[in-house]
Amino acid sequence: QVQLVESGGGLVQAGGSLRLSCAASGRTFSRYAMGWFRQAPGKERQFVASVSMSGYNTYYADSVKGRFTISRDNAKNTVYLQMNSLKPEDTAVYYCHAEITRGARSFAYWGQGTQVTVSS
C-alpha cells in the first residue's frame with residue numbers, strides 16, 4: 001500500500017504558475033503509474049495528467065495540454081505537476097493518484113488533495 005501527500009497548492013492570479021508535488025511512501029514507487037486528477041465544486045473528478053512507471057510516457061487532458069507538465073523522480077518517490085498559464089477554470093482540488101497492477105488486479109490510491117485557486 002502507498003500513502004500519498006500532495007503539496008504546492010494555493011492562490012494565484014490568472015496567467016501565473018504553480019507546481020504541485022506528491023510525495024509517496026514505500027519502496028516500490030517506481031512500480032506505480034502516477035497521475036493527477038481535479039475536482040471543481042459541484043463537478044465530477046476529472047483526469048488531468050498521468051505518467052508511466054518509467055516517466056517516459058505522459059498523457060494529458062485536452063484542457064491542459066501545452067500548459068501543464070507532469071514528471072516524476074523515482075529516486076525521491078515524488079511526482080510533480082507544473083502548471084503554467086493558469087486560468088480561472090483550473091480552480092479545483094487537485095488529487096494525486098497512484099495505480100499498480102498485481103497479476104490480474106489493479107489497485108488505486110488517492111491523496112487527500114490540495115486546493116488550487118486561480119483568480120481572474
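Visitor: So, how many disulfides does the count come to?

Guide: One disulfide. Keep in mind that this is a predicted model.

Visitor: Which residues does the disulfide join?

Guide: C22 and C96, with an S to S distance of 2.1 Å.

Visitor: And where in the chain do C22 and C96 sit?

Guide: C22 is in strand β3 and C96 is in strand β9. The pair links distant parts of the chain, 74 residues apart.

Visitor: Is the link left-handed or right-handed?

Guide: Left-handed, with -85° about the S-S bond.

Visitor: Are those two cysteines buried or exposed?

Guide: C22 is buried, at 0% relative accessible area. C96 also counts as buried, because its relative accessibility is 0% and the cut-off for buried is under 20%.

Visitor: OK, switching to the core. How many residues does the largest nonpolar core have?

Guide: It has 30 residues. Those with the most contacts inside it are L4, M34, W36, V79, L81, M83 and Y94.

Visitor: Which elements give two or more residues to this core?

Guide: That list is β3 (18-24), β4 (33-39), β5 (46-51), β7 (68-73), β8 (78-83), β9 (92-102) and β11 (114-119).

Visitor: Which one gives the largest share?

Guide: β9, with five residues.

Conventions:
Residues numbered from 1 in each chain as written. Predicted model: local features only at pLDDT ≥ 70, side-chain atom pairs only at ≥ 80, totals over all residues. Heavy atoms only, no water. Core = buried A, V, L, I, M, F, W, Y, C linked by side-chain atoms within 4.5 Å. Buried < 20%, exposed > 50% of the residue type's maximum accessible area, 1.4 Å probe, protein only. Helix = DSSP H or I, 4+ residues; strand = E, 2+ residues; numbered from the N terminus. Disulfide = S-S within 2.5 Å.
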